[in-house]
Each structure stands twice: as C-alpha cells, then as structure tokens.
Amino acid sequence: PEPEPGTARVPELGAAGPEGRAARTALALREAASAEAWTLLDHPLLALDVAGSPAFLEPDAVVVHPDGRWTVVEIKSFPMVDGSADAAKVGAAARQSAVYVLALEEVARRLDPAPEVRHEVLLVCPRDFSNLPAASAVDTRKQIAVTRRQLARLTRIEEIAEALPPGVTFDTEQDAAEIEEAVAAVPATYAPQCLSSCELAFHCRDRARASGSVTALGRSLRGELGGLSEVRQVLAAARGSQGDPDDPAVAALRRAAALRAEALGGVPC
Ligand code: SF4
C-alpha cells in the first residue's frame, strides 16, 4: 500500500557515540521489520566491517516497507531534469548507496527471519532546478558486487599492524617529532594523484623527491620505466653508463637522450 502522508513511523535514533547510534538504529530496524507499517529512519547510523574494523556510515534515510523490506534513500543536490540526471553523478550516488546496502545487509543477517534489503535504492534530487523533489529508483546490483569484491580483497588491519615496527603508534597526543618518526617508519608509494586524495600527500611527496624515487613523476611513467626505480638510475641509463641495452626502457631512454643532445647541440642530459 502507498504510505498515507503523516502516518509513517519515524523512530527516534539519537544515542551517545557512534556505537550507541548504530545500536539504536539496529534496534529501530528490528522493531520496524515486524511493525507491518511504513517506517522512515532519518539519518540512521550503520556499521560496516572494513578489513576487520567497524566503519560507521550515515545514509540520508532508510525506509522499511510494511512487508518488512528495507530500501536505502539517497538525497542529492544535483538536479533531475526531465526525469534524468548527470550519469556520472548518479553513478557516484549508486556506488555510495551500494556501501549502505551492504551495511544494512549486515544488520539484516542478525535478524530471524532476515529481512530483504532491496538492491534498488531511491535517489531523490531537486526536480528541474526547482525546490520540489523528484525520486528515481537506481539499480545498484553491479556496484554492490564490485564493492563486495573490493572489501573482501582488503588487507586486514591486524595484518597491516603486524608489519609495523614494534612500538609504532599514530596517537595524535604524541608530539610532532614522534608522529613524524612513526609516519616515516611506514613505506609509501607516492604518486601525483595522492595530492587530490590524501592528507599525507605533501609529506610523501617530499620523501619521494628526497629519495629520488620515480614514483613522484607519475604512475604511468613509473610503469614505463620498468625496473628503473630511481631518477639517478634513469639518468645513468640515458647516458649509457648503466642498464641493459636490451631492456626496452633503457633503449628508449638512450634514443631520447641522443635526440635531446642532437637538438641542443650536444648538451648531455
Ligand atoms: S600521500 Fe597518502 S596515499 Fe599517497 S603514498 Fe602517501 S600515504 Fe599513501
């Protein structure tokens, strides 16, 4: 049945701390599953196991249908014009919602009988640049399968922690020198793409430059240079003082160095 305006249950989800909020959400979902009524969970908090640690996620809303099924609702600010929206933005919203669906499935698995979590999510956007909402069902089956595979492949946090030198901690209460020492103890493979996605990018870039690593020049170049991992080795290969001439990367570097010298009137690289 269609929900009558004002009749849906909207449980209170407030609690202390993320664990408390996630437990309150799980309880509200359990109650809603057997309520045989429309229930709207406004900004519930879900926990998802990521590499052995809980990650807390907050969907915009979750709707519980009278038949007990659960649907994720994602509200976005990009417009839906004539019933369709920017495909890239819808794709990003689908990937985000897929993570919520997986987190909801973790909650559902703990119930008996386990409610169905719908793989079709409800995307809500402004209609034609107005302030009226427009909703569209988005199939997230593909995104769910991809995210599930990625989560299964993640190295577990315990394994990463075991690889760290004994005593290393990233506790932010330490002084700056200790934190710097701890960060320096972890190997990193910097690439220019890190600048747009990681807060440690400047630190890793300085380290990569100081060590003369070719990764600082970009992933594609690193791939093309094969076994030459340092700028010093690349220059030596180009000058002909190092490297196997049968190596395609070394041969290409020597060819490029010869062309450069010819163009610059014999100036070596
Ligand atoms: S900048 Fe971030 S992502 Fe890039 S290597 Fe450093 S820690 Fe890793």
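Biologist: How much space lies in the largest pocket?
Modeller: About 240 Å³. This is a predicted model, where local features need pLDDT of at least 70 and side-chain atom pairs count only at pLDDT 80 or more, while totals for chains, interfaces and linings use all residues. Residues are numbered from 1 along each chain as its sequence is written, and side-chain values use heavy atoms, with hydrogens and water left out.

Biologist: And what counts as a pocket?
Modeller: On a 1 Å grid over the protein atoms alone, a pocket is an open set of points with protein on both sides within 12 Å along at least five of seven lines, whereas a cavity is a set where a 1.4 Å probe fits but cannot get out; lining residues have an atom within 4 Å of a point. Grid points are joined across faces, edges and corners, and a volume is the space filled by probe spheres set on the points.

Biologist: Which element gives the largest share of the lining of the largest pocket?
Modeller: Helix H6 (residues 201-210), with three residues. Helices (H or I, at least four residues) and strands (E, at least two) are DSSP runs, numbered from the N terminus. The lining of this pocket includes Phe-170, His-203 and Arg-207.

Biologist: How does that lining split by class?
Modeller: Eight nonpolar, one polar and one charged. Ala, Val, Leu, Ile, Met, Phe, Trp, Tyr, Cys and Pro count as nonpolar, Asp, Glu, Lys and Arg as charged, and the others, Gly among them, as polar.

Biologist: What about the second largest pocket, how much space is there?
Modeller: About 210 Å³. Of its 13 lining residues, Asp-49, Glu-106, Arg-148, Leu-151 and Ala-152 are the closest to its centre. Strand E2 (46-50), H2 and helix H3 (141-153) each give two or more residues to the lining, and H2 gives the most, with four. By class, that lining has six nonpolar, one polar and six charged residues.

Biologist: Last one: is Pro-54 buried or exposed?
Modeller: Pro-54 has 57% relative accessibility, so it counts as exposed; buried means under 20% relative accessible area, exposed over 50%, and partly exposed in between (1.4 Å probe, protein chains only). Pro-54 lies in strand E3 (residues 53-57).
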